[in-house]
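Please examine the sequence and the structure below.

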Amino acid sequence: VTRIGILTSGGDAPGMNACIRAVVRTSIYNDIKVTGIMRGYAGLLSGEYLAMDVGSVGDIIHRGGTILRTARSIEFMESSNQDKGAEMLGQAGIEGLIVIGGDGSFRGAMKLMERGIPVVCIPGTIDNDIPGTEYTIGFDTAVNTVLDAINKIRDTATSHDRTNVIEVMGRSSGHIALQAGLAGGAESILVPEVPFNIDDVCARLLRGHERGKLHSIILVAEGVGSAVKIGESIEAKTGLETRVTILGHIQRGGSPTAIDRLWASRMGSRAVELILRGQGNVMLSVHKGQLAEKNLEEAFKKSNELDMALYKLSGVLSI
Ligand code: ATP
């Protein structure tokens, strides 16, 4: 192998830059050239390629987003364009590809593998919703961003004796809501994996209020439904003054935490080693706390399950 390619695809996540840096530096350390492909599969098809040297990834380890930009490419869903993508990689002398993204991006990578390009997929999404891995790059930063917001909202909630409903990201998974909610001491955590009853949520709130609680935080994962509607319903049913905050895209940005930088660095470096050893066509994963390789099909299995022990604990600690 003399040249490998790297792209980021799907939603961006903090830590992707640290991973790109690790890929580029590990390659150069091993005398391999690296081509950066801009804007995911869109840039692959339009030929937006960039030669990357040691300096091209300087001063990015601490930055959110991705210097390679990212995109969702409808064209790449077509088989003829997948042929074209594989051909263009060949023409650019790219003998192995590293894809950082979510399971949609992995499906795209599979199409290139089927056309003979060795690919290593690295899980990168704040949602932590990729089956086959306990962790995805960006998740830890997103959880800490939400935690920081909860702390701030708590200050004002306590001063005003208010109930606060906070909507967080996660698509159809409740990982961000659960971890940030538990760490932030939320009274209730509503996740798509567990059905909830609004009357139970209200009863819990009123119980807390009666024993003199000055604030209540209810964390709602976006996959559950509209936090605004839930907030309105809570106010109508309990008579407690309720405010709703939708955290939105601040959860996708920010300087990556140490945990995200460390995993991103290890995964980026391992991905290069795998391609050099001829062991492509896998996804990287954190399995029982260790870096591991898995068949790509693992990412397409049933959804990444929520840690129910943690969910139960959140209920116990917020009585
Ligand atoms: P996130 O969950 O963070 O948004 P993702 O990788 O799941 O990340 P998607 O929008 O699902 O995001 O996928 C990114 C891109 O991967 C798509 O725009 C498309 O170009 C490509 N892709 C997704 N699914 C397929 C598929 N079945 N075949 C070919 N390409 C695909």
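In which sense, left-handed or right-handed, does α6 pass α10 in its crossing? The crossing of α6 with α10 is left-handed, a term used if the near helix is turned anticlockwise from the far one by less than a right angle, with right-handed for clockwise. This is a predicted model, in which local features need pLDDT of at least 70 and side-chain atom pairs count only at pLDDT 80 or more, while totals for chains, interfaces and linings use all residues. Residues are numbered from 1 along each chain as its sequence is written.

Helix α6 spans residues 175-184 and helix α10 residues 308-317; helices (H or I, at least four residues) and strands (E, at least two) are DSSP runs numbered from the N terminus. Their axes come within 10 Å and cross at roughly 35 degrees. Here axes are lines fitted to C-alpha atoms, for helices over the stretch in contact, and angles run from 0 to 180 degrees between N-to-C directions. Leu178, Gly181 and Leu182 of α6 meet Leu310, Tyr311, Leu313 and Ser314 of α10 (contact: C-beta atoms, placed from the backbone, within 7 Å). This contact comprises five nonpolar residues, two polar and no charged.

The ligand is surrounded by 17 residues, the closest being Gly10, Gly11, Gly102, Gly104 and Gly108. Helix α4 (residues 103-113) supplies the largest share of this shell, six residues.

UniProt, in an unreviewed entry, places the feature "domain: Phosphofructokinase" at residues 3-275. The end C-alpha atoms of that span lie 10 Å apart, and the span is 44% helix and 16% strand.

The predictor gives the complex an ipTM of 0.92 and a pTM of 0.96.

Conventions. Near = placed C-beta within 6 Å. UniProt positions renumbered as here; feature names shortened; annotations may be inferred. Contact = placed C-beta atoms within 7 Å. Nonpolar A, V, L, I, M, F, W, Y, C, P; charged D, E, K, R; others polar.
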